[in-house]
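Colleague: Before I use this model, I would like to go through the terms in its description. Please set each value against its definition.

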Amino acid sequence: MELTDRKKQILKIVVDGYVATAEPIGSKAIVEKMPGKISSATVRNELADLVAMGYLEQPHTSAGRIPSPKGYRLYVNELMERRTLSEQEAADISASLSEKMAGVDQVVSQAGQMVSQFVGYPAYAMTSGQQDATVQRFELIAVDEMSVISVVMLSDSRVKSQLLHTQLPVDAAALSDMSHLLNTHFTGIAPEEISQRLMNLSDQVSGEWFLLLNQVCNYACDLLQQAMHQTVATTGATQFLKFPEYRDPDKAQDLMSFMVDSKENLPVPTEDSPMQILIGPENVNDALKDSSVVIASYDIGDHMRGLVGVVGPTRMDYATVAARLSYFAESLSRMFGNNHQLPAKEDTENE
């Protein structure tokens, strides 16, 4: 059976109508939207063919038709009108991004929140771990004789700091020498090499200085381990409740729980493209088999990639979501590219 242009046209009308109303689309509504003269009988025959071919489904005998995952896939690949953002939409996104984010580690949560607001669906954000992260620079700042602030700049330009309480009094005047030692021996290397070099210096550094050296190196290794792990943040899970597809409380609760408790299993792009759309059963995880996910990736720099994803019913407004998500991801890539990194935030954590 051939998928003619007329069948494609009817399929597009059904998808557009179902996305807008969440109600099955009947032959009468299709006739009104078809160009030229076409009878309801002809439309019904075409609808029957589309059902037989797997592009449409008929929920009830007397009801209209709704798209199947196969129908949505054809729609997204061939029939969907590509949207461009209005000036106002683009201005809103740019204005949100111009409010300086606090650093890569906070881009994740902020990006997801902004995307969820822009598209009206639950969203998530991820950054891939930086496997070759290293320390770029150390600095030690005296607080009093029993405490020091350790400042660590990572190779991705993030700056972290922590208040360290020392076990023995520390001479503030000698902290510059300790900073020099750290920058000479412990920058540009992997965490395991930091530990090895620390042991090699154990008999060359006096007691109170080795204790401080050990504290600073342990802090740096913890930061590097964190940088190597994938970071995931989700937001807006309660938005599922506004869609008729999730009126069943158990279904909504299962999906909301997955977004919160199993967020590490949310989809990541499986192909090298800036945008990917996964429809229904195309999602590997069973929790998402009746939902769709739109994912866009962006370049953070320093061999790191980030992504933002939107989760919603298969009756998603794919054109609008794809346009807004694509613009958002491209804007993030430009922001990182222009500044090499978003402004880093120094934060002091008490031990």
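Modeller: Strands β4 (residues 135–144) and β5 are paired antiparallel through eight bridges. This is a predicted model, in which local features need pLDDT of at least 70 and side-chain atom pairs count only at pLDDT 80 or more, while totals for chains, interfaces and linings use all residues. Residues are numbered from 1 along each chain as its sequence is written, and side-chain values use heavy atoms, with hydrogens and water left out.

Colleague: What makes β4 and β5 a pair?

Modeller: Two strands pair if DSSP finds at least two bridges between them, and β4 and β5 have eight. One of the bridges joins F138 to V152 in β5. The two strands form a hairpin, with two residues between them. Strands here are DSSP runs of E with at least two residues, and helices are runs of H or I with at least four, numbered from the N terminus.

Colleague: Which strand does β5 join through seven bridges?

Modeller: That is β6 (residues 159–165), again antiparallel. S150 has Q162 in β6 as its bridge partner. This hairpin has four residues between β5 and β6, and S157 in the turn has a positive phi of about 75°.

Colleague: What makes β5 mostly covered?

Modeller: Eight of the eight residues of β5 (147–154) are buried, meaning under 20% relative accessible area with a 1.4 Å probe and protein chains only; exposed is over 50%, and partly exposed lies in between. In a regular strand the side chains alternate between the two faces of the sheet. In β5, S147, I149, V151 and M153 on one side and V148, S150, V152 and L154 on the other are all buried.

Colleague: Why does S27 count as buried?

Modeller: Its relative accessibility is 15%, so it falls under the 20% limit. S27 lies in helix α2 (residues 27–33). Leaving aside residues up to four places away in sequence, S27 touches S40, V43, R44 and L47, where contact means heavy atoms within 4.5 Å.

Colleague: Why are α7 and α9 called oblique?

Modeller: Helices α7 (residues 175–185) and α9 (residues 207–228) pack at about 50°, with axes 11 Å apart. Axes are lines fitted to C-alpha atoms, for helices over the stretch in contact, and angles run from 0 to 180 degrees between N-to-C directions. Under 35 degrees is roughly parallel, over 145 roughly antiparallel, 65 to 115 roughly perpendicular and the rest oblique; α7 and α9 are therefore oblique.

Colleague: And why are α1 and α3 roughly perpendicular?

Modeller: The axes of α1 (residues 5–21) and α3 (residues 40–52) cross at roughly 85° and come within 10 Å, so the two helices are roughly perpendicular.
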